[in-house]
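Let's take a walk through this protein together.

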Amino acid sequence: MSAPELDSLKSELIDAIERAATLGALEEVRVAALGKKGRVSELMQGLGALPPEERRSYGQAVNSLKESVAAALEARRAVLAREATAEKLALERADVTLPVREGPLAEGRIHPVSQVTDEITEIFADMGFAIAEGPDIETDFNNFTALNIPPEHPARQDHDTFYFAEAPDGSRPVLRTHTSPVQIRTMLREKPPLRIIAPGRVYRCDSDQTHTPMFHQVEGLVIDEETHLGHLKWVLEEFCKAFFEVPEVKMRFRASHFPFTEPSMEVDIGYAKVGEEIRIGEGDRWLEILGCGMVHPNVLKNVGLDPDRYQGFAFGLGIDRIAMLKYGMPDLRAFFAGDLRWLTHYGFPPLAIPTLAGGLS
Ligand code: DAH
């Protein structure tokens, strides 16, 4: 190759180097020039075949070409690398002034039944009640017999019980029809004084706008030597005021009958309906929310307590019902339909934990 040819190859290669727009493109130019089969490398390999007198000066010319190309490559590489870094930095820049995006923790919702159960628990815990629990599958004894509902008692029919198949020993477990069996479990396990609430699922073979086969109750039980009906009334009134977050609640205690209490009462709560809105503490509508009474002497006897020494009260409250009332949810069946739109609308943010100090709702 003549000297002018070498010059034109040089400017061709330098030109290609300057035009390489990315590090990848530059690498292609490098391989085409200085790679094993590159054009400059081929010139170098050809040197050996030249006569010695030509080899020296021609070798110097090719070498200087190679060095110029290498220097140009390096200079261009540095420029492109700096540009690539600048571009990456610009792309990955974090705008710290942007608002925080809602993560899964903030998007999830707590079901109203769970939230209301926590609200109820918070209020009774503040009054000194402990939390007790029992299983959903109960013995006939705990669910009925010990609660003074003997086998032939008509109350058994009222409960629309889901029975399991009879076991070989003749016993027949049930899906508990109320939370009252937790009273029995508690009194068999612990000695008075007792002060517990027991929230949980209960089951009855019943279904319409205000009844579902599974629903929720919270049981209350106080047993000691001096608790009387006045205490029961006070506890329920204080509970309702705290739960509905109003200074006064209209309550109606109606004489009733339960086998496990004597005397027995049902409690209604007064409300008004203004359009679709429900207002607690005013108006002339009533909704039954709980049953209660003084624990029947037979129940105390059934768990080995002396009714001449011990007494107390019990109550059973429908959680779903008071949730509907407090948060204005019209259809009980929607509670258990698993519709995400309903849950998004009526559910609670997971960090909105109800406390008496911070506000229940
Ligand atoms: N167990 C009753 C029911 O499910 C509710 C109830 C009434 C519970 C009176 C009680 C009570 O503890 O004293 O209908």
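Which residues lie nearest the centre of the largest pocket? They are Arg204, Phe215, Gln217, Phe258 and Glu288, out of 38 residues that line this pocket. Before going on, a word on what you're looking at: this is a predicted model, where local features need pLDDT of at least 70, side-chain atom pairs count only at pLDDT 80 or more, and totals for chains, interfaces and linings use all residues. Residues are numbered from 1 along each chain as its sequence is written, and side-chain values use heavy atoms, with hydrogens and water left out.

Now, about that word "pocket": on a 1 Å grid over the protein atoms alone, where a 1.4 Å probe fits, it is an open set of points with protein on both sides within 12 Å along at least five of seven lines, and lining residues have an atom within 4 Å of a point. The largest pocket has a volume of about 870 Å³, a volume being the space filled by probe spheres set on the points, with grid points joined across faces, edges and corners.

The lining of the largest pocket splits into 14 nonpolar, 15 polar and 9 charged residues. Here Ala, Val, Leu, Ile, Met, Phe, Trp, Tyr, Cys and Pro count as nonpolar, Asp, Glu, Lys and Arg as charged, and the others, Gly among them, as polar.

On to the second largest pocket, which holds about 360 Å³ of space. It has 15 lining residues, and Ile278, Met324, Leu325, Met329 and Pro330 sit closest to its centre. The largest share of this lining, 3 residues, comes from α12; helices (H or I, at least four residues) and strands (E, at least two) are DSSP runs numbered from the N terminus. By type, the second largest pocket's lining has 8 nonpolar, 3 polar and 4 charged residues.

Next, the ligand. In the side chain of Arg204, an N or O atom is 2.7 Å from an oxygen atom of the ligand. For Ser180, a side-chain N or O atom is 3.0 Å from a ligand nitrogen atom.

Finally, zoom out. The protein is divided into domain 1 (3–91) and domain 2 (111–346), with bounds from an automatic or database domain assignment. The C-alpha centres of domain 1 and domain 2 lie 88 Å apart.

Key:
A polar contact is a pair of N or O atoms within 3.5 Å; within protein, one must be able to donate a hydrogen and the other to accept it, and residues adjacent in sequence count only if both atoms are side-chain atoms.
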